[in-house]
Amino acid sequence: MDSNTATVLTEEEKQQTPKSRKVPTKLPKPKKKNKKILQNWQLYIFILPAFLYFFIFHYIPMYGIQIAFKDFIPSSGIWGSEWVGLEHFKRFFDSYYFWDLIKNTLGLSVYELIIGFPLPIILALALNEAKDGLYKRTVQTVTYAPHFISVVVMAGMIIAFLSPATGIINHGLTLLGFDPIPFMSDPKWFKTVYVFSGVWQSTGWGTIIYLAALSGVDPQHHEAAIVDGATRLQRIWHINIPALVPTMIILLIMNLGNIMAMGFEKILLLQNPLNLESSNVIATFVYQAGLLDAQYSFAAAVGLFNSVINAILLITVNQIAKKRSETSLW
Amino acid sequence: MNSAISETMTDKIIKILIYVFLGFATLIVLYPLVYIISASISDPADVNSGKMWLFPKGITFEGYRIIFENGAIWKGYLNTLFYTVLGTTINLAVTIPAAYALSRKDFAGRNLFMAMFVITMFFSGGLIPTYLVVKSLGLIDTIWAMVLPNAAAVWNIVIARVFFQSTIPKELEEAAIIDGASNFKMFFKIILPLSMPIIAVMGLFYGVGHWNGYFNALIYLSDKELFPLQLVLREILVLQEMASQNTDVTGSMAEAMHSKQQLAAVIKYGVMIVSTLPIIIIYPFLQRFFVKGVMIGSLKG
C-alpha cells in the first residue's frame, strides 16, 4: 500500500495550489486519500467482477487446501471433517508409485525443456535474418498455425499418425526397411512422442516473443559491425543473442518454476494402460485419485506436495537469476 | 557500397543455409496439415495402407457425409458455439473494465489488486479444492461450469492494462474529469470506442481458448447433452482409437471391429478439419492481431 499512497499523493499535489503546498503535515493525508477513493468509487465497480472471480475460484480453493490435512467427507464439509495431520502425505511418500511419479514428472519436464527451449530461439534468429517478404511471411504463417490446434485434435493426430498398422509414420519406417514401432503402447517411446509433438505444435508460436526482443536491436550496431568486417554469424552471436538473454532468463525461470506442472491435458489424452509406466505423472495421478476415485483429501495432499515443490523451485531459480544476471521475475 | 560492406562468400552461404533451414521447418509443420486435408477426402483403404501419402487418392466425401449426419457432433458444435459466445462475453466484461481500472494511476489500491491477481499465476489451490468449490456452488453439469471457473485470465488482464496505459492519452482522461464526466461515462463514451483493437485481441484469445478447451468439460460435465465439441472429438479420436489398438480379438468380433474401424478411419480426419474450421477460417486474417497481443504482453512481461 505504501507505494500506492505515494502515487496518490503526488497526483494530489499536482492539483494543489502552491499555497496549500506549504502546509503538508501528516494529518491531512488520509483524508485526501479517502476523498480520492470516494471520487473514484466507480473504478471499484469496474474491478469488482474480477475481484469476485479471483476470490471465489482462486482464493477459496487455496483456503480449501486444508482438506489435505483432514479426512474430507463431502457430507461433513471442509469444516466438519476431522484433522488427520500428515497422514495423506505419509501414505503418498510410502507408496510404491511415489518414485515412479517423481521420475516421470521430472523426466518429461526436463526432456521437454532441453529440446523445446532452444528451438524457438534458433528459429527466431533465423527468421530475423530473412528479408521481409512473401517467403518470411509464409514461414511465419505456417509455423504459427499449429498453436491453434486443440489439444484433443493434437492427440488424435498423434495417435492416428503413429498407429502401428495404419499410421503414416510407420508406413514410412517400413518403406525404409525398419520394423513398425508401437509408439503409443511402448512406454519407452511415450516421452519422445510427447516432447516432439509439442515441438511441432509450439516452436513457431514461441518465436514471437524473441522476435519482439530482436526488433528492439538498434540497426546501428549491425551497421557498425559490418563496417568492422564482422561476418553474419559473428553479428548474430555478438549482437542478436545477447539481446535475447533477458527474455531467455525470464522464460527459463517460468519454465523451471513450472517443471512439476507441465501440460497434463495432453498427457491425459495420450495415456493408456500400456504406456502408463512412463506416462503417469503427478498431475494425472491427482486427477485419477481425486476425481475418478473420489479420494479428495489424498489427491489434494498430492497436489499440494506438487505445488510446494513448484513454489520452492520458482523462488530459488528467481533468486539465482537475480544474483547472477539482474534479470528476474520480481 | 565499397568492398568492405558487400557480402563475403561465407556470409552468402550462411544466408542460403538460413533460408534452407526456414524452408525445412515450414515443410515439417506443413506436411501433417496437408496430410490431414488429403486423408479426409481420400478412400480410407488407401489412407490406412499408406498408398495415400500426400495428395488425395480415390476422392470421396463419404466421411463428411457421415459427420454431417452425426447428431452428437452437431450437438457438440452448437454447444461449443454457445459456450464460446457466452464465455467470451463474460471474459471481456470481466477483463476490460478491470484492466482499465488498474491502468488508472489515481486508483487507490491498484497495486494491491494487481498483486492479488498475479499471485494466482504461481500459486493455486490445485485441481481438487477448485473442483470442490465448483461443486459446492452447484455448477456441476450446468453451462456455468463451462464459463465461470475461467471467467478471466491474469495474463490477459496484464496485456489489456498495458494497452490502456500506453495508448489512452492521459490528457484525454484529465479533460473528461475537468468537464465533470463520471468514470462510467468516460469509460463507455471515450475509452471503449478507442479500445476496439484490444477488445478484438482479447476476444480472440479467450474465444480460441473456449473453442479448444476440453478439460473443464471433462471434469465438470457428465451430461452428454451439454458436451462441447472437444469432448465428442475425444471419444472419436482418442478413446475409440486406443480401444482398437489395445485389444486383440478374433473371429466375427474382429470383423465387426474392422468395419467399425474403417468407419472410424473415414471420419477421423474429417472431424479434425470440421472442428478446427472456424479457427482455420479466421486465422489468416487475425494472425496479426494474435501476434500483436503477444507483443504487448512481452513489453511488460
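Over residues 143–164 of chain B, the predicted model is 68% helix and 0% strand, with the end C-alpha atoms 32 Å apart. Residues 190–208 of chain B are 95% helix and 0% strand, and their end C-alpha atoms lie 28 Å apart. Helices (H or I, at least four residues) and strands (E, at least two) are DSSP runs, numbered from the N terminus.

Residues are numbered from 1 along each chain as its sequence is written, and chains are lettered from A in the order in which they are written. Because the model is predicted, local features need pLDDT of at least 70 and side-chain atom pairs count only at pLDDT 80 or more, while totals for chains, interfaces and linings use all residues.

Chain B is assigned domain 1 (1–60) and domain 2 (70–301), with bounds from an automatic or database domain assignment. Seven residues of domain 1 of chain B are in contact with seven of domain 2 of chain B (C-beta atoms, placed from the backbone, within 7 Å). On the domain 1 side, α1 (9–40) and α2 (44–49) of chain B each supply at least two residues, and α1(B) gives the most, with four.

Between the chains, 88 residues of chain A are in contact with 88 residues of chain B. Helix α4 (residues 41–64) of chain A provides the largest share of the chain A side, 16 residues.

Key. Two residues are in contact if their C-beta atoms, placed from the backbone, lie within 7 Å.
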